Amino acid sequence: MPTPLPALAFGGDYNPEQWPPEAHVEDRELMRTAGVDLVTLGVFSWAHLQPGPDRWDFSWLDEQMDALHAAGIRVDLATATASPPPWLTRRHPEMLPITQDGRTLWPGARQAFCPSSPVYREHALRLCRALGERYAEHPALALWHVSNEIGCHNARCYCEVSAAAFRRWLRARYDDDVDRLNHVWGTAFWSQRYGDFEEVLPPRVAPAWSNPTQQLDFLRFSSDQLLDNFVVERDVLHEVSPGVPVTTNAMVMRNTFEMDYFRWGREVDIVSNDHYLTAADPHAHRELAFSADLTRGTAGGRPWLLMEHSTSAVNWQPRNLAKAPGEMIRSSLAHVAHGADAVLFFQWRASRAGAEKFHSALLPHAGTDSRQWREVVRLSQILDAVEEVAGSVARNQTAILFDWDAWWGCELDSHPSVDVRYRDRAEDLHRSLSAAGVGVDVVHPDTDLTAYRLILVPTLYLVTDAAAAAVAARAAAGASVVVTYFSGIVDEHDHIRLGGYPGAFRDLLGVRSTEFLPLGEHQHVQVEGLGDELSSADVWSEDVTLAGAEAVATMVDGPAAGLPAVTRRPVGSGAAWYVATRLSPDGTDQLVRRVVAEAGIERLPGAGPDVEVTRRVSGDRSWLFVINHGTEVARVPVRGTELVSDRVVDADLVVPGGGVAVVREGRS
Ligand code: GAL
Ligand code: ZN
C-alpha cells in the first residue's frame, strides 16, 4: 500500500543514479540524521530506466524504492519524462523544438522536445504507464511527480508540428470559423486577413511586430499544450495507481510567465512549486512572499508543497551569491508561513559532474562539516517543532487580482512604455500591505470576491466584462477597491475598450483619461497630497479628468502637471481609488495606510518593512508566523506558545534580528 505524505515534509530531489552504491548507503544514513522524510526520485532518469527503445531497467529503481522504504523515507516518484534520452531524439529528430527564429534546440542539455510532438507523447506515456504499473502498490510511494518544471526551457515551439497543433486549437476556439478569427485578431490591419485556417502560423520572427492577438493566443495555446502533457500523464496514473495524488512542480516566481498556473492548479491533485530567489535583489524575500501567496492562490487557498528551493547559491544566475547565515531557514519558514506544507530542495547531494555541480544542496561537496549542513539539520528540527501547522490555511480580508492573461497582454510589444511591467505594481502593493501587517490573498479575477473587503487591481491591462463587473459589484457592496494605471484597457481579445481610459474601470473609478503620458527613461516627477511632503513617481502619467471622483493627490510636474495622480470615488459604503502614476514605495505606503484604515482591515501584530507576519488557521486554532528579515530585535504583542523555542509567551514575543518564530495563539 502506498503511504500518505508526511505532515510537513522535508527533503528534496534525490538523484542516486549520479553516484556509486557506497554513496547511497551514506545518503540514507545522513537523510535520517537530517530528518529527511520525503525525496523526489528519478526526475531525470529516463535514459537509465529505458536505455533503448525496447530495453528497460527498473532494477536500480526497485532497489532505491525498497531501501528508502526500509529507511522510513517516503518517495515522490517522478515519471521521468522531463528529458528524453539521446536514442529517442536520434531516431526522431522531428521532435526537437524550434525557436521563434527557426533554430533547432538540440539534445545535450534537457527538455529538448516539442511540447506538441506526438512522438514525445507516445514515448512519455509508455514510460509513465510502465512506472505507474510497477510502483502503484509500493509502500514508499506517497506522491507522483509528472515530468519536471513543464515548460521551463521549451514553453513555446514554432515547428511545423506545433503550427498544426496551434491551428487545431484555434479551430476549436473560433468554432472553425475563420472570419471569427479574422475579427478577433483584427486582421483588417496590415493585410493580414486569412481565407483559411491552414494559412495561419505561429508568431514566428516577422519583419515587424506580429499581430498582438496572434501572440496572445499563441501564449494561451502553448500553456494549454504544456498542461495537456501533464493531464495525459496524470490520467494514466489515476488509472493504474488510484488514490495516490499526482502533482507537477510549477515555477511561480518572478520571471516565469509562460504558464497560466491558475488553470494548472485546477488539474493537479496538490499544487507544488519551485521557487528560487533572485540573488541580485536585496529584498528578494518580498518577491518570495508574493510568489508564495500567488502559489496559494493557484491552489485555491489550500496548502501546497514547496517542491524545490536552494539551501544556498544556484548555478544559473550571473553571480550566484550564497545565502547568508540563517537566510535558508527564514526562506523556508516564509514559504510555510504563506501556506506550504512541505519544504523540499533541489537537491539532496551536490553533484560532482554536470551543469549543476556548483548548485548548493542539502549535503554539500564539503560534506557534513559545513555550515550548510548544520543549518539543514537545524531547519529540520524547526519543521518538526512546528509540524502541527500542516493543513491549516490563511483567512484574509484583502485580495490582489492577478491574471496570466493580463500579464501576457500587458507585456506584448508596441505598447506605450517598456517600463510598464506586469508584476511590478502587484509586488509593490504586496510589499506595502505586508509591512502594514495586512495578510493578502493573490487570486484570479474570476474568484468569488465576496469575502474581501479590500481588493487591489494592479495593472490589469486585459480584463473581461464579467471580472470588471464583479469588482464593481464588490465596491457597491462596501469593499474598497484600488486600481492602478494601465488596467481595464482591453478586453480578452486585446481590443481597446473605447471611450477613454481606464476602459473597463472608468465608471467605477469616476475618472476619464484621453491620453497616456508615459515618462521618459529615469524621469522622476513629484506628487503632492499623499502625505505632508512631496513624494516621487516615475514611469507613467495620464491626462486624468474627474468624472465623479475627487483628486487625492496631484502631479506637480511632468507632462501631467496639475492633473490628478490619485483619485477616490465614494461608492456605497466603500470607495474606488485610482492610481494614475507609478508611486515610489513611500507613496505606495502612504496610500496603503489610508486605504487599509478606511476599509477597516485587520492588521497582524508586529509587522514592519523587515518583519514579516502571517497567520494560518485551522478551525478555532491559529498560528502566528514571525520572520525577522532585519537586523533589529522585533517585538510582537501576542500570547500563546512559541513552538520553535518551545516557550510560553504572555505579552511581547521577542524575535532577534534574523530570527523566526511560530506562535500557537491563545493561552495554553
Ligand atoms: C529547477 C529544476 C531542477 C534544478 C534546479 C536548479 O529548474 O527543476 O532540476 O535544475 O532548477 O536550480
Ligand atoms: Zn513544435
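This is a predicted model: local features need pLDDT of at least 70, side-chain atom pairs count only at pLDDT 80 or more; totals for chains, interfaces and linings use all residues.
Residues are numbered from 1 along each chain as its sequence is written, chains are lettered from A and ligands numbered from 1 in the order in which they are written, and side-chain values use heavy atoms, with hydrogens and water left out.

**The zinc site**

Let's start with the zinc ion (ligand 2). Its protein donors are C114 (SG), C157 (SG), C159 (SG) and S162 (OG), and they lie 2.1 to 2.3 Å from the ion. A donor here is an N, O or S atom within 2.8 Å of the metal (3.2 Å for Na, K and Ca); water is not among the atoms, so sites may look incomplete. Along the chain, the donors follow the spacing C-x42-C-x1-C-x2-S. For comparison, the ideal angle for four tetrahedral donors is 109.5 degrees.

Buried means under 20% relative accessible area, exposed means over 50%, and partly exposed is in between (1.4 Å probe, protein chains only). Here is how some residues come out:

| Residue | Relative accessibility | Class |
|---|---|---|
| C157 | 3% | buried |
| S162 | 1% | buried |
| Y276 | 6% | buried |
| W316 | 46% | partly exposed |
| E375 | 11% | buried |
| V442 | 0% | buried |
| R296 | 6% | buried |

**Aromatic rings**

Rings of Phe, Tyr and Trp (its six-membered ring) pair if their centres lie within 6.5 Å; planes under 30 degrees apart count as stacked, over 60 as edge-to-face and the rest as tilted. By this rule the count comes to 31 aromatic pairs. Take Y276 and W316: their ring centres are 5.7 Å apart and their planes sit at 85 degrees, so the pair is edge-to-face. This pair links distant parts of the chain, with Y276 in the loop between β7 (272-274) and α10 (284-298), and W316, 40 residues apart from it, in the loop between β8 (304-308) and α11 (327-337). (Helices are DSSP runs of H or I with at least four residues, strands are runs of E with at least two, and both are numbered from the N terminus.) There's also an aromatic cluster, whose members include F257, F290, F402 and Y422.

**Nonpolar cores**

A nonpolar core is a set of buried Ala, Val, Leu, Ile, Met, Phe, Trp, Tyr and Cys residues joined through side-chain atoms within 4.5 Å. The largest one has 177 residues, and F505 and V566 have the most contacts inside it. Helix α8 (residues 212-240) gives the most to this core, with nine residues. Apart from it lies another core of 15 residues, among them F166, L170, L181 and W185.

**Who touches whom**

Contact means heavy atoms within 4.5 Å. Which strand holds V442? V442 is found in strand β11 (residues 440-443). Leaving aside neighbours within four places in sequence, V442 is in contact with F262, F290 and H430, among others. The C-alpha atoms of V442 and T295 are separated by 8.2 Å, although these residues are 147 residues apart along the chain. R296 lies in helix α10, and its contacts beyond four places in sequence include W304, H338, V440 and D441.
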